[in-house]
Amino acid sequence: MRTGFAGLGLMGLPMAGRLCAAGFDMMVYNRSPGPAEALRALGAKVADTAGALFAGCDTVILMLANDGAVDAVLDRDGPDFGDRMQGRLIINMGTHAPIFSHRLEQDIRAVGGSFVEAPVSGSRLPAEAGELVAMLAGEAGAIERAHPLLAPICRDIVAIGAVPSALSMKLAVNLYLIASVAALAEAASLARALDLAPEDFQQVIASGPLASNVALSKLDKMTRRDFAPQAAIHDVCKNAALVAEAAAGTKGAYPLITQSRRLFETVRAAGGGRLDMAAVISAFETGSGQRA
């Protein structure tokens, strides 16, 4: 049976492409048909409907934008949900609230399906290179089945525990990512304000202990003013909201996500939602960062 893939957006398209290149018998589905044509050229079958995707596959990977898109593709509130789930493995790689994923697993298992939660750390370029890091949660047998499908996409696969522990881990990681990029943008803005050459600032960061793949790639985009999306600001804002919601349910204090979220929201409100998250530097250049 074929492996299905639903959701061919900024991340989903290169992920599905790597599975095609690895030789998997793939069927893909996307609500807008355009992105699927690139995968057809790689040998994938293209499903015209979500129902056709499930009818032709015994495992379906989801990389969808939000809760509503997942529910629609699965027909979760409709008459076909049971038929689509029964006997199939669903691997959900999108980012959602942990409670949503927990309830989704319960619903899928109740009608005879299996479920693996598999959010990833990384953006478009790591997806293209197969360098994502996946966090897996679910029953041991389901994780074992999912592992070989994720290998062409991921540099590392970490089994976390029961659902929704993988999404909880993803939100903690996202707090670090979002706050780090916001801090990097603030530092780069300060360097400019002090009349330092952006290229010199970039070289010092790259040569020192603060260098990382994220820091180097985002700082390069800030320096070159290249904000073509690898991780778009509207997705960062969605993820920041999920982090803040999870944090609010604990007894701890997490001020960095609150401040960082405001910075990204100011850029989105100014029309920058489709830009890469490196464009958060504009919040400091316009002065809006001081008001965030």
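In which sense do β4 and strand β5 (residues 89-92) pair, and over how many bridges? The two strands pair in the parallel sense over 4 bridges, where pairing requires that DSSP finds at least two bridges between two strands. Helices (H or I, at least four residues) and strands (E, at least two) are DSSP runs, numbered from the N terminus. The model is a predicted one, in which local features need pLDDT of at least 70 and side-chain atom pairs count only at pLDDT 80 or more, while totals for chains, interfaces and linings use all residues. Residues are numbered from 1 along each chain as its sequence is written, and side-chain values use heavy atoms, with hydrogens and water left out.

Strand β4 spans residues 57-62. Opposite T59 stands L89 in β5. Strand β4 is also joined to strand β1 (residues 2-6), with which it runs parallel, by 5 bridges; F5 has I61 of β4 as its bridge partner. Of the 6 residues of β4, 5 are buried (under 20% relative accessible area; exposed is over 50% and partly exposed in between, with a 1.4 Å probe and protein chains only).

Several backbone features fall in loops. The peptide bond from V163 to P164 is cis, with omega near 10 degrees, and P164 lies in the loop between β9 (154-161) and α9 (165-193). D75, in the loop between α4 (67-74) and α5 (81-85), has a positive phi near 55 degrees although this residue is not glycine. D195, also not a glycine, has a positive phi of about 65 degrees. D195 is located in the loop between α9 and α10 (198-207) and is exposed, with a relative accessible area of 72%.
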